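Thanks for making the time this morning.

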Amino acid sequence: MGKPIYYSDKFLNSSLEKLKEIISVKFSERQPLCFLHSFGCQQNVSDGEKIKEMLSRAGYGFTDAAENADLIIYNTCAVRENAEDRVFGAIGNLKHLKEYRPDTIIGICGCMAQQEKICEKIRSTYRQVDIVFGTYAYKDLFDMLCDVLDKRKRVFNISENSDELCEELTQLRDDKVKASVPIMYGCNNFCTYCIVPYVRGRERSREFTAVVSEVKELVKQGYKEIMLLGQNVNSYSFGFSNLLREIDKIDGHFRVRFMSSHPKDASYELIDTIIESKHISKQLHLPVQAGSDRILSLMNRRYTVSDYMKIINYAREKYPDFCFSTDIIVGFPGESYEEFLMTKKLLKEVGYYNVFSFVYSKRTGTKAALMVDNISDKEKGQWLRELLLEQRETAQRINDKFLGITKEILVDGFSTSHPEYLCGKTDEGIIVEFKGDKCLIGEFINVKITKSMNWALLGELA
Ligand code: SAH
Ligand code: SF4
Ligand code: F3S
């Protein structure tokens, strides 16, 4: 358990004042604009919102168009190779922009930037990038910007410093209905395929009271869904079930969700807490990764399929409609087709509402990168398709159960597939599309389910 050090606004202000001064000289006629895009998981998006909060304190406004921005920041993800490829593509595209707008400052931060080899590659090959900073360096943002703006220096800051957490800094949230709240940072689990512990350091938990007050404040502001975040919320230092129970005492009409939960630490107490609560969705994202004990052991997941099923069965015995979603990796080094079929079988047995499946991607520096990977990309692709097909059938079976039933949903916005429809989510996290007035966005409403598809439900206002 890392010991958090809370640094205050006062600490941030010293370089903030300097930055504001530089900005007022450089942008005397107009407000400087920033374009920030976060790749990757919700934790990264939440970091991006913290960066935006800092920038807005310094006087920056925000734009959705990179070509209009004075500062472009890509907050990156390193979890799979294709995530990194996407970022390099995006940085490559900025070369021309920098040529005709040489004053634009380009920053790369987040998980990918935290890796030394990536930082070096950007330093030597992507000269258009001015700032590279890792997952520990947000607190230095004002200093870094001062250096770039004032001295036109390129800045590279990927030093590791995992004892600091910034409690004083809120997130500049774009969404007015759903808010994510990180409760811890980093990961201690070292699953053999995963880069996260290397780029985000050891676990650091936020203070219990700080988290509870933040949620209280968000509910007061009218937020309807709070998503608690951590790589493994079950190892929250001050007791995750305790935290949930405390948050559940907050008055108001809101939902609480969280992710992710490592199955090795998911306890009966956690399930009981969810079931007994008023606000917590009766749903759990419990990434299983694989359905064979041999592969789970090679992955260093530290549970067996039977341990995993105990939690699922316990929850379903106490609350038959309890929903689960999961993450799956297909094609882990040495995985046989028979072992893959065990994953497929597990999927059917559990009946997940949602499955996020990924083809194994080799991450240099992890233990699995040293294992012999003799499955071809073509085979891995086939397995993935097979799995998706299986899940489509399961999802259809599950969604059919809702036909004719009235469900409470939280309305998110317009449907992307049918723009004349609104869409929302049930407590289980299933998408429901329906016709209604846009004033319903952000509200809880009851919808009668009239049609079921394998990816969503259709309904009408009840
Ligand atoms: N901390 C979370 C996972 C974060 S990464 C947890 O343990 O549940 C999200 C998902 O990405 C993982 O659950 C895993 O399924 C997938 N993933 C991680 N590393 C991967 C890799 N090298 N190749 C393919 N998928 C990977
Ligand atoms: Fe990666 Fe495992 Fe940590 Fe999740 S628990 S972030 S999969 S090492
Ligand atoms: Fe998240 Fe990707 Fe980093 S999944 S923790 S942004 S490597």
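Predicted model: local features only at pLDDT ≥ 70, side-chain atom pairs only at ≥ 80, totals over all residues.

Let me turn to the ligands, starting with ligand 1. There are 15 residues around ligand 1, and those that come nearest are Gln-231, Pro-287, Gln-289, Asp-327 and Ser-361. If we go through the polar atoms, a nitrogen atom of ligand 1 is 2.8 Å from an N or O atom in the side chain of Gln-231, an oxygen atom of ligand 1 lies 2.7 Å from a polar side-chain atom of Gln-289, and in the case of Ser-361 it is a polar backbone atom that is 2.8 Å from a nitrogen atom of the ligand. Taken alone, ligand 1 exposes 550 Å², and the protein buries 90% of that. Two strands, S15 (323-330) and S16 (354-359), each supply at least two residues of this shell, and by class the shell has seven nonpolar, four polar and four charged residues.

Next, ligand 2. The residues around ligand 2 include Cys-187, Cys-191 and Cys-194, together with Gln-231, His-262 and Arg-301, and by class this shell has seven nonpolar, three polar and one charged residues.

That leaves ligand 3, which is surrounded by Cys-41, Asn-44, Cys-77, Ala-78, Val-79, Cys-111, Arg-200 and Gln-231. The shell around ligand 3 divides into five nonpolar residues, two polar and one charged.

Arg-200 is found in helix H6, residues 196-200, and it is buried, because its relative accessible area of 4% falls under 20%. Which side chain is joined to that of Arg-200 by a polar contact of 2.9 Å? The partner is Asp-47. Not counting residues up to four places away in sequence, Arg-200 also touches Gln-43, Asn-44, Cys-111, Thr-135, Tyr-136, Gly-186 and Gln-231.

Now to the interior. In soluble globular proteins, nonpolar side chains tend to be buried together. Here the largest nonpolar core has 66 residues, of which Leu-228, Phe-240, Ile-247 and Phe-258 touch the most other members. Helix H11, residues 305-318, gives the most to this core, with seven residues. If we leave aside neighbours within four places in sequence, the contacts of Leu-228 include Val-181, Ile-183, Val-215, Phe-240, Ile-247 and Phe-258. There is also a second, separate core of 30 residues, which includes Leu-19, Tyr-60, Ala-137 and Leu-141.

Leu-141 takes us to helix H5, residues 141-151, which is mostly covered, with eight of its eleven residues buried. Among those buried residues are Leu-141, Phe-142, Cys-146 and Asp-147. H5 is followed by Arg-152, whose phi is positive, near 50°.

To finish, a few details of the loops. In the loop between strand S14 (283-285) and helix H10 (293-298) lies Ala-290, which counts as buried at 0% relative accessibility. Ala-290 and Val-305 are 15 residues apart in sequence, and their C-alpha atoms are 8.5 Å apart in space. The peptide bond from Met-259 to Ser-260 is cis, with omega near -5°, and Ser-260 is found in the loop between strand S13 (255-259) and helix H9 (268-276).

The loop between H10 and H11 holds Asn-300 and also Arg-302. Asn-300 has a positive phi of about 60° although it is not a glycine, and Arg-302, likewise a residue other than glycine, has a positive phi near 65°. Asn-300 is partly exposed, with a relative accessible area of 26%, and Arg-302 is partly exposed as well, at 48%.

Note on methods. Residues numbered from 1 in each chain as written. Chains lettered and ligands numbered in written order. Heavy atoms only, no water. Near = heavy atom within 4 Å. Polar contact = N/O pair within 3.5 Å; in protein donor to acceptor, adjacent residues only side chain to side chain. Areas by Shrake-Rupley, 256 points an atom, 1.4 Å probe, with all protein chains shown as cover. Helix = DSSP H or I, 4+ residues; strand = E, 2+ residues; numbered from the N terminus. Nonpolar A, V, L, I, M, F, W, Y, C, P; charged D, E, K, R; others polar. Core = buried A, V, L, I, M, F, W, Y, C linked by side-chain atoms within 4.5 Å. Buried < 20%, exposed > 50% of the residue type's maximum accessible area, 1.4 Å probe, protein only. Contact = heavy atoms within 4.5 Å.
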